[in-house]
Amino acid sequence: GQGNMDLVSSSMLSRSWTNEQPVGLAGIGLLMQQDFKQDGESGGPHSKVFIKSVVHGGSCHRDGVVQEGDKILQVNGENVVGYSVADIRERIVGPIGSYVRVVFEKASSGETFERTLMRGNPQSFEQPKASNDINSSQMLSRSMDNRLLRQSLPGRSTLLPPSVSANDTESARLKSKIIELESQLVSTTDELQRTKALLENDRFTNVRTAREIDAIQRKNKEQVLELQSLLGKSEQNRRELESQLSNSKAREEEFHLAFNRAKEETEARENYFAELKRHYDESRSQLEREISALRDAKTDTERARAMAEEKAGKMQAELNTMKQKEKDRREKEETVRQMLHESEMKLLEARKLEEQVRAQSNNLYLAITQWHKDYFVNRANQDLELEQYFHA
């Protein structure tokens, strides 16, 4: 994640001037970081600053409890959740040797804990002390030199020309001027010594700061190189994924074309089967109509045959009646013969009609038999052809 980093270290000291002595400021030896939000600004009502690293030799490093990744929740009882790194740094930094109370949150368990840490490190106290010792010795030697100068100046007045020595007023004025210059020299020398001591201290601090900045810059360069390597790998992976995606798209287009072709073939096949089914239904309806007509004809033929048989039965009954009556009417021979002749004539006609009916019945039976044979044989052949077509 991108972050905003700042260093709060005991080695980075700032000096403020007073008329008496410089005051040193220091932190507790932490490198803090805060993630950016989506809009690009750090901070927020719920964002927390966490420890990027612990500076070696600082107060947190000597304490040994604070670890990398821990979050800062409070500074001296003030809730700093949502504050920026600069705001938290201003509340942590203070005079060297003073203490600050900081509440942290463990990164691993989320547990909160409070630590009271001293600002600065032992070197921060030893350096000013050494500078003060150097200041004192140098100022002492300067004072001794000034006293020797003041002692030597009156002696030199005896070496002045007689014209100058005779002028007492001029001599007194020169002495007062020399004393004033000596006083200004002492003040200027003391000021210069204090300035030199302060510059030496600042130079020492700046050297350590520059070393730490160089270390941070080297670490940042290593991180940049690592990020560039990861970026190259991700770019290579992106190109591979794009190549695979293009291949997948080409394959998808091929599958789509094949699917469309198969769909068109399926639709054509379904249309062909629908046409075949329509022809089959029409043929079947026509055959059923023909069969129905044949059945109606057969029914009519059977009805006619039944009527003929009924008539034949009636005629046979009449013939039997006539034979029976023939015995009774022998006495009336002429009448009986006439009646017998008529009966014989009717009988002959009835036999002819019976023979005709039998011939028609036989012909009808043969026709029905032939139709039955042709119908079922042709239908079996058609069913076989359809079955072979569908199997093909």
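Modeller: Among contacts between residues at least 6 apart in sequence in the protein chain, 63% join residues at least 24 apart (a contact means heavy atoms within 4.5 Å). The model is predicted, so local features need pLDDT of at least 70, side-chain atom pairs count only at pLDDT 80 or more, and totals for chains, interfaces and linings use all residues. Residues are numbered from 1 along each chain as its sequence is written, and side-chain values use heavy atoms, with hydrogens and water left out.

Of its 392 residues, 18% are buried. Buried means under 20% relative accessible area, exposed means over 50%, and partly exposed lies in between, with a 1.4 Å probe and protein chains only. The protein chain exposes about 28700 Å², and carbon and sulfur atoms supply 52% of that area (areas come from the Shrake-Rupley method with a 1.4 Å probe, and for residues only the protein chains shown count as cover).

Strand E9 covers residues 99-105 and strand E10 covers residues 112-118; the two run antiparallel and are joined by 7 bridges. Two strands pair if DSSP finds at least two bridges between them. Val102, for example, has Arg115 in E10 as its bridge partner. The hairpin has 6 residues between the strands, and in it Gly110 takes a positive phi near 80°.

Now look at the side chains here. Which two rings form the stacked aromatic pair? Phe104 and Phe113 do, at 5.5 Å centre to centre and with 25° between the planes. Rings of Phe, Tyr and Trp (its six-membered ring) pair if their centres lie within 6.5 Å; planes under 30 degrees apart count as stacked, over 60 as edge-to-face, and the rest as tilted. Phe104 counts as buried because its relative accessibility is 0%. Phe113 has a relative accessible area of 16%, so it is buried too.

A salt bridge is a side-chain nitrogen of Lys or Arg within 4 Å of a carboxyl oxygen of Asp or Glu, and the whole structure has 15 of them. Side chains of opposite charge can pair when their charged atoms come close. One of these salt bridges is between Glu114 and Arg101, at 3.3 Å from N to O. Glu114 lies in strand E10 and Arg101 in strand E9, so the pair ties together parts that are 13 residues apart in sequence. Glu114 counts as partly exposed because its relative accessibility is 42%, and Arg101 is partly exposed at 38%.

Asp70 pairs with Lys106, and their closest N and O atoms are 3.8 Å apart. This pair links distant parts of the chain, 36 residues apart: Lys106 sits in the loop between E9 and E10, and Asp70 in the loop between helix H1 (59-63) and E6.

The loop between E6 and strand E7 (78-79) holds Asn76. Asn76 has a positive phi of about 55° although it is not a glycine. Most residues other than glycine have a negative phi, and most peptide bonds are trans. Asn76 is partly exposed, with a relative accessible area of 38%.

For contrast, here is a salt bridge within a helix. Glu309 and Arg305 meet at 3.2 Å, N to O. They are separated by about one helical turn because they are 4 residues apart in helix H5. Both ends are partly exposed, Glu309 at 47% and Arg305 at 44%. Elsewhere, Glu235, Arg238, Arg239 and Glu242 are linked in a network of salt bridges.
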